[in-house]
Amino acid sequence: MKIDSQEVMHVAKLARLNVSDRDAERLTSEMNSILAYMDKLNELDTSGIEPMAHALQLDTPFREDAVKPSLSNDNALENAPQKEGGFFVVPRVL
């Protein structure tokens, strides 16, 4: 085993999580299963494989960046409860 229940409890404490002893044992088993799978993946030869950002080839359909008319300043501020000099007035937060 790579992780023991004491390490799980330590991480839970750092994360401010309340973990019971029963849950700690279950989490220990699950984390060790994950680490065992990672060890199995590390056995693969990936030297000829190009790194990628996503597991699937995705094409992002970007639209052409074109200038279009938008709201005027008066329209944008039309329903503002308070406005001054062409800007929204909001309470100061300190």
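These questions and answers walk through a predicted model of one protein chain.

Visitor: In what order do the elements of the protein chain run from the N terminus on?
Guide: The protein chain has three helices and two strands. Read from the N terminus, the order is α-α-α-β-β.

Visitor: What radius of gyration does the protein chain have, against that of a compact globule of 94 residues?
Guide: The C-alpha atoms fill a box of roughly 65 × 45 × 20 Å along the principal axes. A compact globule of 94 residues would come near 12 Å. The protein chain has a radius of gyration of 27 Å.

Visitor: What share of the residues of the protein chain count as buried?
Guide: Buried means under 20% relative accessible area. The accessible surface of the protein chain is about 9,500 Å², with 55% of it on carbon and sulfur atoms. Of the 94 residues, the share that count as buried is 10%.

Visitor: Which residues make up the largest nonpolar core?
Guide: One member, Val 19, touches Met 9, Ala 12, Ala 24 and Leu 27, leaving aside residues up to four places away in sequence. The core holds five residues in all. They are Ile 3, Val 8, Ala 12, Val 19 and Ala 24.

Visitor: Is Arg 16 buried or exposed?
Guide: Arg 16 sits in the loop between α1 (5-14) and α2 (21-42). Its phi is near 55 degrees, a positive value in a residue other than glycine. Exposed means over 50% relative accessible area. Arg 16 has 78% relative accessibility, so the residue counts as exposed.

Visitor: How far apart are the mean positions of the positive and negative charges?
Guide: The protein chain carries 10 positive and 16 negative charges.

Note on methods: Residues numbered from 1 in each chain as written. Predicted model: local features only at pLDDT ≥ 70, side-chain atom pairs only at ≥ 80, totals over all residues. Heavy atoms only, no water. Helix = DSSP H or I, 4+ residues; strand = E, 2+ residues; numbered from the N terminus. Rg over C-alpha atoms; globule rule 2.2 N^0.38 Å. Buried < 20%, exposed > 50% of the residue type's maximum accessible area, 1.4 Å probe, protein only. Areas by Shrake-Rupley, 256 points an atom, 1.4 Å probe, with all protein chains shown as cover. Lys, Arg positive; Asp, Glu negative; His and termini not counted. Charge placed at Lys NZ, Arg CZ, Asp CG, Glu CD. Core = buried A, V, L, I, M, F, W, Y, C linked by side-chain atoms within 4.5 Å. Contact = heavy atoms within 4.5 Å.
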